[in-house]
Amino acid sequence: MKNKGFSRKQLAVPYVIFMILFVVLPLLVVFYYAFTDASGNVSFTNFLRFFQSGKTVGTLVYSMIIALLTTIVCLLLAYPVAFILAKGSYCKKHSFLMFFVLPMWINFTLRITALKEILTLIEGNLAYHQFFNGVLCMVYDFLPFMIMPLFNSLTKLDNSMIEAAHDLGANKVQVFFKVVLPLSIPGIISGVTMVFLPSMTNYVVLDMVYNSTYIMGSLIGSYFSAYDWHNGSVISIILLIMIFAITMISNRFTEGNQEKKVSLY
Amino acid sequence: MKIKSRNFLVRLILFCIPVFMLFGCSDDSDKDVIVLRVSNWEEYIDEGEWDPEEDMIELADGTVICPETSMIEDFENWFYETYGRKVKVEYSTFGTNEELYNQMSMGDTYDLVCPSEYMIMKLIAEDMLVPFSEGFYDETVETNYYAKGVSPYIKDVYDELSINGHVLSEYAAGYMWGTLGIVYNPEIVSEEEASHWNLLLMDKYNRRVTIKDSVRDAYFAGNSIYNEALISSEAFLNSDTYKTDLDAILNATDKKTIDAVEDILSDIKENVYSFETDSGKADMVTGKVVANQQWSGDAVYTLDQAEEDGVILCYSAPEEATNLWFDGWCMIKSGIEGDADKQLAAEAFINFVSRPDNAVRNMYYIGYTSVISGGEDTTMFDYLDYCYGWDEESAAEEGIDTVEYSVGYFFTGDFLDEQDEETIEKYTILTSEDQTRRQLFAQYPTEEVMKRSVVMEYFDKTENERINQMWLNVRCFDLYKFLGFD
């Protein structure tokens, strides 16, 4: 009788099939191309070539600079907003949050096009401020992805802890740095991962604001359009390794934080 | 329990795989219908639904063109009427030649595709094309509209261009053609400035010009600037081997040239507003940029759009040299697979779009210039006259300066000095003076432009790698230079 309906595991079947067909198989193809040369022999020359050329390493560095700046600016802008929203009165905060998430519902190319016109009015010629505009539009695009996780972790923060810190003589600054910030680290970490990695490859935004210097995403596109699957795949693998590394580090952070949490009680 | 659920999973996957496979081949079930898989550029064929009030074309001989249905639909009907067989066209589009090639190498099969000249050469070199059947160029057959109507000038180009001992005409039939030039705003940029590629480098227009985000187009402009002094010199221009030398110089891919072009393009990168793929047209109209590198067909579109907004723009084909490009239909081996019916349908499709009235439809719809001149049929010339011609009286009434403009080379294949007087007169139209710099000039450039036009050929694998590396060098962030050690 028990087994008549779907078991829990069976409910996962559609997702597993989807994953195998569209994530695992393509990844295997990427791995195949990354570790072979044009004649199909296994080789690491593609990787060596990437790290030997000042241009490709330069692109990696340039993408990281853009991504890092985007993440920092997003964090600085999003944290106060998330804090105010999270600590606001319960009925108001969700409707306010809507205002910040609302832009996500509009297609980003449309938003960037609008922003471009505004920037043209302010700056005159966009091409003189390619780098600034690139980072600005990235921030604009990714800001909601930073606000959401911060908001979530700050809402969960127990108000009594802040009160306790006050009672024990901490001033506002101390409360923030000793209590609020450490407890919101999981939110910061997940916000950073959601902003940093996509902004390394989102070349459409940069293209739209006429930044003519390649980032990792455009480099992959450029290799692929020259029928060079091997070097394009290498870059995907390098990005994959970075994602992996960042997730590992962030996991350690959150774990460490949870231990602290335990010791707090 | 564990084993059971795994069984269920395996069964489900096994069930799904044939279902997915079925999706791929469900079309072949109907044996009587010939399925023709066509892949063409985006927005590169008439889709019908013309507005009778705005779009209707009435030519001098009384021909009225105002289709309601798309070219594809009309072809299917025409094929049924002509051959008594049903054909179903599966039409898809691509954005760049490389995209088309990649699609094909990833396993997409097409029967008929329309890439540019260098891609056609690559496909011939890789033995991926089917040659036309023997009767394709037989002008006595009523329905061989391509053989009867193709411009002798373009036909010559197709007959001369060869790779591995095969000329292009064996495998490809032209569709559209044009030049590579500069669209400019005459209120800000002078005609003289716009007739040199080094406009892209001029300080005066710093960050107000754009260049195409395409290796080949950028390379052509860069190479013309690099060789500017040589190819504009009197001695070179008057040399007997001018045309072959020019071809060789602008197709050069030696290290010295590539390095020099890299430096020029790096400077251009610092001077242009953007490397654009599509934004250039809009940015010209809004005035963000004052000049941009453009293909002639897109130039016509830009000029038309700007005109609607009350902005007058012009087109120039730089004096050093212009890139003569063309897109052509060719049949793919892996698609046709020796199927005579498919080949018949593919060749019929080429002929149908080459019928002069259909060529006019496509030209009006997409702005590019058809390779069809019509042969005996005068529709093409009438259309040209309909678009740009003036008679002296009405021009005088409107106060418009007129000039004579000859396009005889396109219709006869001979330059003016080889034509007799009757022919010259026949193919010379009276047009408004500004059209010699505008749409007419973009659609049908003058003889002088054609004399200094160069077909940019297919680069083989090593050349391609070098040029792509050059492009990456231009576009990537230079870490070593940034850190100070060169």
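**Exercise 1. At roughly what angle do the axes of helix H2 (residues 71-83) of chain B and helix H16 (residues 340-354) of chain B cross?**

*Solution.* The structure is a predicted model, in which local features need pLDDT of at least 70, side-chain atom pairs count only at pLDDT 80 or more, and totals for chains, interfaces and linings use all residues. Residues are numbered from 1 along each chain as its sequence is written, and chains are lettered from A and ligands numbered from 1 in the order in which they are written.

Step 1. Take the elements as DSSP runs, numbered from the N terminus: helices are H or I with at least four residues, strands are E with at least two. Axes are lines fitted to C-alpha atoms, for helices over the stretch in contact, and angles run from 0 to 180 degrees between N-to-C directions.

Step 2. The two axes come within 10 Å and cross at roughly 115 degrees.

Step 3. H2(B) passes H16(B) in a right-handed crossing. A crossing is right-handed if the near helix is turned clockwise from the far one by less than a right angle, and left-handed if anticlockwise.

Step 4. Contact requires C-beta atoms, placed from the backbone, within 7 Å. From H2(B), Met71(B), Phe75(B), Trp78(B), Phe79(B) and Tyr83(B) meet Ala345(B), Ala348(B), Phe349(B), Phe352(B) and Val353(B) of H16(B). This contact has 10 nonpolar, no polar and no charged residues. Here Ala, Val, Leu, Ile, Met, Phe, Trp, Tyr, Cys and Pro count as nonpolar, Asp, Glu, Lys and Arg as charged, and the others, Gly among them, as polar.

**Exercise 2. Explain why helix H4 (residues 117-125) of chain B is described as largely enclosed.**

*Solution.* Step 1. A residue is buried if 20 or more other C-beta atoms lie within 10 Å of its own, exposed if 12 or fewer, and partly exposed in between.

Step 1. Because 7 of its 9 residues are buried, H4(B) is largely enclosed by the rest of the structure. The buried residues include Glu117(B) and Lys122(B) as well as Met119(B) and Ile120(B).

Step 2. The packing partners of these buried residues include helix H3 (97-105) and strand S16 (325-332) of chain B. After H4(B) comes Asp127(B), with a positive phi near 55 degrees.

**Exercise 3. Describe the contact between chains A and B from the side of chain A.**

*Solution.* Step 1. Chain A contributes 27 residues and chain B 26 residues.

Step 1. The elements of chain A that give two or more residues are helix H1 (8-11), helix H2 (13-34), helix H4 (54-87) and helix H12 (216-225). H4(A) gives the most, with 8 residues.

Step 2. By class, this side has 13 nonpolar, 12 polar and 2 charged residues.

**Exercise 4. State the confidence of the model for chain B.**

*Solution.* Step 1. pLDDT is the predictor's confidence in each residue, from 0 to 100. Chain B averages 90, and 93% of the residues score at least 70.

Step 1. The model as a whole scores ipTM 0.84 and pTM 0.88.

Note on methods:
Two residues are in contact if their C-beta atoms, placed from the backbone, lie within 7 Å.
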